[in-house]
Amino acid sequence: MRVAGLRPLLGGWWSLQSRTYATNSGLLRADDGEIALVDPGIAPDEIAVLHAFATQQGRPHYLILTHAHWDHLLGAAAFPHATIVARRPYTGIIEAHADDLRRQVARWAASQHRAAPDFTPPRPTLAFAEALKLHVGCRTLHLLATPGHSADHLSLFDAGTGLLWAGDMLSDRELPCVQHDADAYLVSLQRLRALQAEYLVPGHGAVAESQAAIAARFERDIAYLHHLIGCVDEALQAGSDLAATLKRCGFPLPLDDAANREAHRWNVESRYAQRAAHFGLPVPAEALGWEREWRGATLTDVA
Ligand SMILES: [Zn+2]
């Protein structure tokens with residue numbers, strides 16, 4: 001079957017890639033017609049494609065939100081009867097950042113020459129802490145806590161097909177954006193690598209369809225995080241201020257473009273702000289790193 005905008009993956013899985021940040025939305029249709037959606041769409045026409053397909057093909061039962069960043073939340077309003085699944089820290093984030101999320105959505109809408117949608121961050125009806133087995137018809141999805149990009153981040157593994165839906169990790173176009181914690185991010189990557197997935201869908205960018213391609217993404221991101229953690233902590237140990245740390249940590253990036261250079265700078269700043277007190281150094285008073293994004297700064301092309 002061909003459906004404009006939707007790409008069949010394997011085992012009843014479909015994906016739709018947004019024009020915004022190449023963000024991937026997912027749809028699993030179990031044999032009995034029960035449907036689970038993942039991060040369902042950004043632009044109204046993208047959400048409409050997912051909604052039409054889901055309602056023609058079966059019953060949209062679950063809506064899984066990988067984390068509380070605006071570009072993963074907009075489609076939820078189109079599925080008011082679905083059970084919204086997220087991790088427990090999600091709720092605290094949308095409550096603390098409701099205005100920031102609305103501002104980010106309004107800024108995106110303005111960039112698209114659209115009126116800002118009436119956006120309220122969706123609230124979960126099924127929240128879990130560490131792991132959840134979700135039965136979608138006859139299928140079983142394993143939802144796993146994978147904090148690091150954000151505190152509430154989750155990934156999803158379909159053991160029946162070997163498909164890993166990684167959320168905002170393991171992208172072919174983005175370095176790890178460490179908006180929460182680099183040590184936790186490393187642990188999460190190691191947790192996912194142990195699953196030995198055979199098919200990888202990142203939150204942004206291209207799927208990886210072989211174990212070799214998947215292994216290469218893990219190796220790249222794990223090496224980057226080791227560099228980041230080692231470099232910033234060594235700088236702090238040496239008593240460096242932030243400017244010296246940024247200079248010292250300008251190592252070659254595996255994905256080198258303007259957006260990833262800026263993301264790396266924000267990663268260094270965030271790590272510095274988080275760890276300075278531990279090394280007995282003053283914590284800079286201004287908003288640094290990814291905190292600046294909540295306050296209204298933007299990267300050119302990284303979600
Ligand atoms: Zn994100």
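**Helix 4 and its surroundings**

Author: Helix 4 (residues 182-193) has twelve residues and reaches 16 Å from its first C-alpha to its last, close to the 16 Å expected at 1.5 Å a residue. This is a predicted model, in which local features need pLDDT of at least 70, side-chain atom pairs count only at pLDDT 80 or more, and totals for chains, interfaces and linings use all residues. Residues are numbered from 1 along each chain as its sequence is written.

Reader: Which residues of helix 4 are buried, and why are they said to share a side?

Author: A182, Y185, S188, L189 and L192 are buried. They cover an arc of only 110° around the axis, so they lie on the same side of helix 4; the arc is that of the directions from the helix axis to the C-beta atoms.

Reader: Why is L225 called buried?

Author: A residue is buried if 20 or more other C-beta atoms, placed from the backbone, lie within 10 Å of its own, exposed if 12 or fewer, and partly exposed in between. L225 has 20 such atoms and therefore counts as buried. L225 lies in helix 5.

Reader: Which residues does L225 touch?

Author: Not counting residues up to four places away in sequence, L225 touches P176, A182, Y185 and L186; contact requires C-beta atoms, placed from the backbone, within 7 Å.

How values were computed. Helices (H or I, at least four residues) and strands (E, at least two) are DSSP runs, numbered from the N terminus. The expected span of a helix is 1.5 Å times one less than its number of residues. Two residues are in contact if their C-beta atoms, placed from the backbone, lie within 7 Å.
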